[in-house]
Amino acid sequence: MCWGSLAVVVDVNEESMLAKVDFGDGILRDAIVGIGEERVSRGDIVLVHAGVIISKLSSEGVMEQLRFLQDIFGGEGGELYRFYTNLLSLAESLKRGGSGG
């Protein structure tokens, strides 16, 4: 079992297979694009494990996870809910061509 973290792709260098990702804290970090079957683009929500992008998620999938967590935690997960909604907002902004900030 691994522990992956959600992040948003801010920039991709397809030649080097490196992406700049934001884990929701505003700090850009490098991640290796480790999925070959799907193209990773600016604004994509991805799962990163040990510095490697291992999966791409849809906004709908992230919303489903958020609903699941709300069912489990009820009103106790405020910070976690904000994290998920902030990542979704950042992803949408980047897809529309915004700076994400």
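Leu 47 has Ser 55 as its bridge partner in strand 5. I start from this pair in order to walk through the sheet. Strands and helices here are DSSP runs, numbered from the N terminus, with at least two residues (E) for a strand and at least four (H or I) for a helix. The model is a predicted one, in which local features need pLDDT of at least 70, side-chain atom pairs count only at pLDDT 80 or more, and totals for chains, interfaces and linings use all residues. Residues are numbered from 1 along each chain as its sequence is written, and side-chain values use heavy atoms, with hydrogens and water left out.

Let me continue with the strands. Strand 4 and strand 5 run antiparallel and are joined by 5 bridges; two strands are said to pair if DSSP finds at least two bridges between them. Their hairpin has 2 residues between the strands, and in it Ala 50 takes a positive phi near 55°. On strand 4 there is a further partner: strand 1 (residues 5–13) runs antiparallel to strand 4 (residues 45–49), with 4 bridges between them. Within that pairing, Val 8 stands opposite Ile 45.

Strand 5 (residues 52–57) is also joined to strand 3, this time in parallel, by 2 bridges. Here Val 33 has Ile 53 as its bridge partner. Strand 3 (residues 28–33) in turn pairs with strand 2 (residues 18–22) in the antiparallel sense, over 5 bridges. The hairpin of strand 2 and strand 3 has 5 residues between the strands, and Gly 24 takes a positive phi near 100° in it.

I turn next to helix 2. This helix has 18 residues and reaches 26 Å from its first C-alpha to its last, close to the 26 Å expected at 1.5 Å a residue; the expected span is 1.5 Å times one less than the number of residues. Which residues of helix 2 are buried? They are Tyr 81, Tyr 84, Leu 87, Leu 88, Leu 90, Ala 91, Ser 93 and Leu 94. Buried means under 20% relative accessible area, exposed means over 50%, and partly exposed lies in between, with a 1.4 Å probe and protein chains only. Their cover includes strand 1, strand 2, strand 4 and helix 1, where contact means heavy atoms within 4.5 Å. In general, an α-helix has 3.6 residues a turn, so residues three or four places apart point the same way.

One of the buried residues, Ser 93, has a relative accessible area of 17%. Ser 93 and Gly 43 are 50 residues apart in sequence, yet 7.4 Å apart in space, C-alpha to C-alpha. After helix 2 comes Gly 97, with a positive phi near 100°.

Now the charged side chains. A search of the whole structure finds 5 salt bridges, each being a side-chain nitrogen of Lys or Arg within 4 Å of a carboxyl oxygen of Asp or Glu. In one of them, Asp 30 meets Lys 20, with the closest N and O atoms 2.8 Å apart. Asp 30 lies in strand 3 and Lys 20 in strand 2, so this pair ties together parts that are 10 residues apart in sequence. Asp 30 is partly exposed at 48%, and Lys 20 is partly exposed at 35%. Another salt bridge joins Arg 29 and Asp 25, at 3.0 Å from N to O.

Where does the salt bridge of Asp 44 and Lys 95 sit in the chain? The two residues form a salt bridge with closest N and O atoms 2.8 Å apart. Asp 44 is in the loop between strand 3 and strand 4, and Lys 95 is in helix 2, 51 residues apart. Asp 44 is buried, with a relative accessible area of 6%, whereas Lys 95 is partly exposed at 48%. Salt bridges with shared partners join Asp 44, Lys 56 and Lys 95 into one network.

I close with the surface. Phe 68, Ile 72, Phe 73 and Leu 80 form a nonpolar patch with about 380 Å² of accessible area together. Helix 1 (residues 59–73) supplies the largest share of this patch, 3 residues. Among them is Phe 68, which lies in helix 1 and is exposed, with a relative accessible area of 52%. Patches are made of residues with over 30% relative accessible area and no salt bridge, with like charges joined within 9 Å and nonpolar side chains (Val, Leu, Ile, Met, Phe, Trp, Tyr) within 5 Å. The areas come from the Shrake-Rupley method with a 1.4 Å probe, and for residues only the protein chains shown count as cover.
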